[in-house]
Amino acid sequence: MKIALGSDHAGFNYKEKVKNFLKESCLEVIDCGTFAPDPPVDYPDYVRPAALLVAQGQADRAIVFGGSGNGEAMVANKVKGIRCAYCFNEESARLGRLHNDANAISIGQRLIPEEMALKIVKIFLETPFEGGRHIPRIKKMMEYENAP
């Protein structure tokens, strides 16, 4: 599995921790930056490239980081084909995959402990999409991408 990462300065430390975790798990990582914790940087400059890699089929999933994770999720979700779940605990990560087939997640470094961030990533990578009754909802989400 190939994972794209993106963060601003406020999510940099978690991005680096997750990057090491992914590499230790023998997963391929594409780091879209930022490459230092020095502020200020604009998160769209790093989150959008990570989301685009997934949308274009060059990565399987994306994980994006910021101070809160809110803006990062919003940017990722502007990319056609991306379903980025804002994750703050284990259940939000599990349901993002299980019910929404999330192909990206957003994590806020200022809001959750590092241990929780790593649990979220593990769940995101291991949880399958349930399918079934959720498929029509996913199709509707994809239709809405083209709506005015």
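So, how many salt bridges does the count come to? Taking a salt bridge as a side-chain nitrogen of Lys or Arg within 4 Å of a carboxyl oxygen of Asp or Glu, the count comes to 10.

Quick housekeeping. This is a predicted model, where local features need pLDDT of at least 70 and side-chain atom pairs count only at pLDDT 80 or more, while totals for chains, interfaces and linings use all residues. Residues are numbered from 1 along each chain as its sequence is written, and side-chain values use heavy atoms, with hydrogens and water left out.

Let's start with Lys-19. Its salt bridge partner is Asp-31, with 2.7 Å between the closest N and O atoms. Lys-19 sits in helix H1 (residues 12–24) and Asp-31 in strand E2 (residues 28–31), so this pair ties together parts that are 12 residues apart in sequence. Helices here are DSSP runs of H or I with at least four residues, strands are runs of E with at least two, and the numbering goes from the N terminus. Both Lys-19 and Asp-31 are buried, where buried means under 20% relative accessible area, exposed over 50%, and partly exposed in between, using a 1.4 Å probe and protein chains only. These two also belong to a salt bridge network that links Lys-15, Glu-16, Lys-19 and Asp-31.

Now compare helix H5 (residues 114–126). Glu-115 and Lys-119 are four residues apart there, so about one helical turn separates them. Their side chains make a salt bridge at 3.4 Å, N to O. Glu-115 counts as exposed at 56% relative accessibility, and Lys-119 as partly exposed at 34%. Then there's Arg-97 with Asp-101, at 2.9 Å between the closest N and O atoms; Arg-97 is buried, at 6%.

On to the strands. Why is strand E3 (residues 61–66) described as largely enclosed by the rest of the structure? Because six of its six residues are buried. Arg-61, Ile-63 and Phe-65 point one way, Ala-62, Val-64 and Gly-66 the other. E3 pairs in the parallel sense with strand E1 (residues 2–7) over five bridges, and pairing needs at least two DSSP bridges between the strands. Leu-5 has Ile-63 as its bridge partner in E3. E3 and E5 also pair in the parallel sense over five bridges, with Ala-104 in E5 as the partner of Ala-62.

Last stop: Gln-109, in the loop between strand E5 (104–108) and H5. Gln-109 is buried at 18%. Leaving aside neighbours within four places in sequence, its contacts include Phe-12, Tyr-14 and Gly-66, with contact meaning heavy atoms within 4.5 Å.
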